[in-house]
Amino acid sequence: MAAPAPDGGPITTPGLRIMPLGTMPLGTMPLGTMLLPDPAATEALAERIAAVAVRHDVIALWGGLGTGKTVFARAFIRARTNRNEEVPSPTFTLVQTYPVPSPPGCLIYHFDLYRVEGPEEAWDLGFDEALADGVSLIEWPDRLGSLLPQDRLDIRLERGATATCRTATVSGSPGWQSRLREAGLA
Ligand SMILES: Nc1ncnc2c1ncn2[C@@H]1O[C@H](COP(=O)(O)OP(=O)(O)O)[C@@H](O)[C@H]1O
Ligand SMILES: [Mg+2]
C-alpha cells in the first residue's frame, strides 16, 4: 500500500518500479499476459492479431534486443501477404512497406526506430502516410516520444525462464479489447 511521506514529499510504494515517462505504454489498458514457449507461439500470436488488424492500426512492439519483435512482425506481415514473403529486419532501412491484398491500397509499414535520433526523425520516415493509409508495426516505439499515437495496441515482449521462452504483455486502447476477444486473445 502506498503511504504518504511524513514530510509531505513524494508518495512511495516499496517494490514499485518507477519507469521514466516515454518508456511506458501510456493510453492503453492491460488486456493480459501470455507465455510464448517458443518462436512458433510468438508467430501464432502475431497471426491472430493480424487477422483482426485494420487500416489505421498502430501496433507498438516493446522489448529489448532479441526479444522477438521482428519475429512477431514477420509473422504478422506474412499472414496478411503470403507465407513466403521476404521480410528483412528494417535495422538499416528503418522502414519497409508491404502492400496487402485486403483492404485494397493498404500497406503495412514495418518500422525499426532503434537507430533514430529523436521523435522528429522517426516521424519523417513516413508516419503521416502510415497513419492515414496503412497498418503500422513499430519496433522501438519509445523513440517516437509523445508522437506515438495514443490509439494503439502495445505488445511488450520479455525473456522468460528458458532460452526460447518469452512473455507478451498486451494492452490496448478502447476498441482493441473487443477485437482481441474476437481473436480469442482477451
Ligand atoms: N519465444 C520466442 N519468440 C520469439 N523469438 C524467439 C523465441 N525464442 C527464441 N527466439 C529467438 O529470438 C530471436 C529474436 O530475434 P528478433 O525477432 O530479431 O528480436 P528483436 O527484433 O526483438 O531484436 C530469434 O533468433 C528467435 O528465433
Ligand atoms: Mg528487430
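Analyst: One place to begin is His56, which is found in the loop between H1 and S2. Helices (H or I, at least four residues) and strands (E, at least two) are DSSP runs, numbered from the N terminus. This is a predicted model, where local features need pLDDT of at least 70, side-chain atom pairs count only at pLDDT 80 or more, and totals for chains, interfaces and linings use all residues. Residues are numbered from 1 along each chain as its sequence is written, and chains are lettered from A and ligands numbered from 1 in the order in which they are written.

User: What is the phi of His56?

Analyst: About 85 degrees, a positive value, although His56 is not a glycine. Most residues other than glycine have a negative phi, and most peptide bonds are trans.

User: Is His56 buried or partly exposed?

Analyst: His56 counts as partly exposed because it has 15 C-beta neighbours inside 10 Å. Buried takes 20 or more other C-beta atoms within 10 Å of the residue's own, exposed 12 or fewer, and partly exposed lies in between, with C-beta atoms placed from the backbone.

User: Switching to ligand 1. What surrounds it?

Analyst: There are 17 residues around ligand 1, and the closest are Thr42, Gly68, Lys69, Thr70 and Thr164. A residue is near if its C-beta atom, placed from the backbone, lies within 6 Å of the molecule. Helix H1 (39-52) and helix H2 (69-80) each supply at least two residues of that shell.

User: How does the shell split by class?

Analyst: Five nonpolar, eight polar and four charged residues. Here Ala, Val, Leu, Ile, Met, Phe, Trp, Tyr, Cys and Pro count as nonpolar, Asp, Glu, Lys and Arg as charged, and the others, Gly among them, as polar.

User: Back to H2. Why is it called largely enclosed?

Analyst: Nine of the twelve residues of H2 are buried, so the rest of the structure largely encloses this helix. Among the buried ones are Lys69, Phe72 and Phe76. The buried residues of H2 pack against H1, strand S2 (58-62), strand S3 (95-99), strand S4 (107-112), strand S5 (135-139) and strand S6 (153-159).

User: What about S2, which strands does it pair with?

Analyst: S2 runs parallel to S5, with four bridges joining them, and pairs with S6 in the parallel sense over four bridges. Pairing takes at least two bridges found by DSSP between the strands. Leu61 has Glu139 in S5 as its bridge partner, and Ala60 stands opposite Asp154 in S6.

User: How covered are the faces of S2?

Analyst: Both are covered: Val58, Ala60 and Trp62 are buried on one side, and Ile59 and Leu61 on the other.

User: What does Leu61 touch?

Analyst: Leaving aside residues up to four places away in sequence, Leu61 touches Lys69, Phe72, Ala73, Leu137, Ile138, Glu139, Ile155 and Leu157. Contact means C-beta atoms, placed from the backbone, within 7 Å.

User: Which residues have the most contacts inside the largest nonpolar core?

Analyst: Leu61, Phe76 and Ile155, in a core of 39 residues. H2 gives the most to this core, with seven residues. A nonpolar core is a set of buried Ala, Val, Leu, Ile, Met, Phe, Trp, Tyr and Cys residues joined through C-beta atoms within 7 Å.

Methods. Contact = placed C-beta atoms within 7 Å.
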